[in-house]
Amino acid sequence: MTDRHRDANALAGPLADLFGGDVTAALAECAGCGRRDVIANLHLYDGGPGAVLRCASCQAVVLRYAITPHGTWLDVRGAAVLRL
């Protein structure tokens, strides 16, 4: 993993399409370390086929997002809690 990440707000549009509104202010709790922070403060890595949001504290994967020919995929196993 590279240290080069982008601001998670760059994923605001695609997530808004999925959730029907801006979720960057939603609170996510990292399942790895328990840190609670807004989605906008997660670290976005999007150089691959999808996007990965990692905890700013422990770098654990909190959310994965991808659009494929088979549908839109959202994996939030890394979030103990997601408060919208």
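Which residues form a nonpolar patch on the surface, and what is their accessible area together? The patch consists of Leu18, Phe19, Leu74, Val76 and Leu84, which together have about 410 Å² of accessible area. A patch is made of residues with over 30% relative accessible area and no salt bridge, with like charges joined within 9 Å and nonpolar side chains (Val, Leu, Ile, Met, Phe, Trp, Tyr) within 5 Å; accessible areas come from the Shrake-Rupley method with a 1.4 Å probe, and for residues only the protein chains shown count as cover.

The model is predicted, and local features need pLDDT of at least 70, side-chain atom pairs count only at pLDDT 80 or more, while totals for chains, interfaces and linings use all residues. Residues are numbered from 1 along each chain as its sequence is written, and side-chain values use heavy atoms, with hydrogens and water left out.

Val76 counts as partly exposed because its relative accessibility is 31%; buried means under 20% relative accessible area, exposed over 50%, and partly exposed in between (1.4 Å probe, protein chains only).

**The nonpolar core**

The largest nonpolar core has 17 residues, and those with the most contacts inside it are Leu11, Leu15, Ile39, Leu42, Leu44, Leu53 and Val62. Strands S2, S5 (51–54) and S6 (61–68) each supply at least two residues of this core, and S6 gives the largest share, three residues. Such a core is a set of buried Ala, Val, Leu, Ile, Met, Phe, Trp, Tyr and Cys residues joined through side-chain atoms within 4.5 Å. Leaving aside neighbours within four places in sequence, Leu53 is in contact (heavy atoms within 4.5 Å) with residues including Ala8, Leu11, Ile39, His43 and Val61.

Val61 itself lies in strand S6 and is partly exposed, because its relative accessible area is 21%. In the loop between S5 and S6 is Gln59, whose phi is near 65°, a positive value in a residue other than glycine.

**Thr24 in its loop**

Thr24 lies in the loop between helix H1 (12–19) and strand S2 (27–30), and it counts as buried because its relative accessibility is 9%. Its side chain is joined to that of Asp22 by a polar contact of 2.8 Å, a term for a pair of N or O atoms within 3.5 Å; within protein, one must be able to donate a hydrogen and the other to accept it, and residues adjacent in sequence count only if both atoms are side-chain atoms.

**Salt bridges**

Side chains of opposite charge can pair when their charged atoms come close. A search of the whole structure finds five salt bridges, each being a side-chain nitrogen of Lys or Arg within 4 Å of a carboxyl oxygen of Asp or Glu. Three of these pairs are listed below.

| Pair | N to O distance |
|---|---|
| Arg36 and Glu29 | 2.8 Å |
| Asp37 and Arg35 | 2.9 Å |
| Asp75 and Arg77 | 2.6 Å |

Salt bridges that share partners join Arg64, Asp75 and Arg77 into one network. Within it, Asp75 is buried, with a relative accessible area of 15%, whereas Arg77 is exposed, at 70%.

How values were computed. Helices (H or I, at least four residues) and strands (E, at least two) are DSSP runs, numbered from the N terminus.
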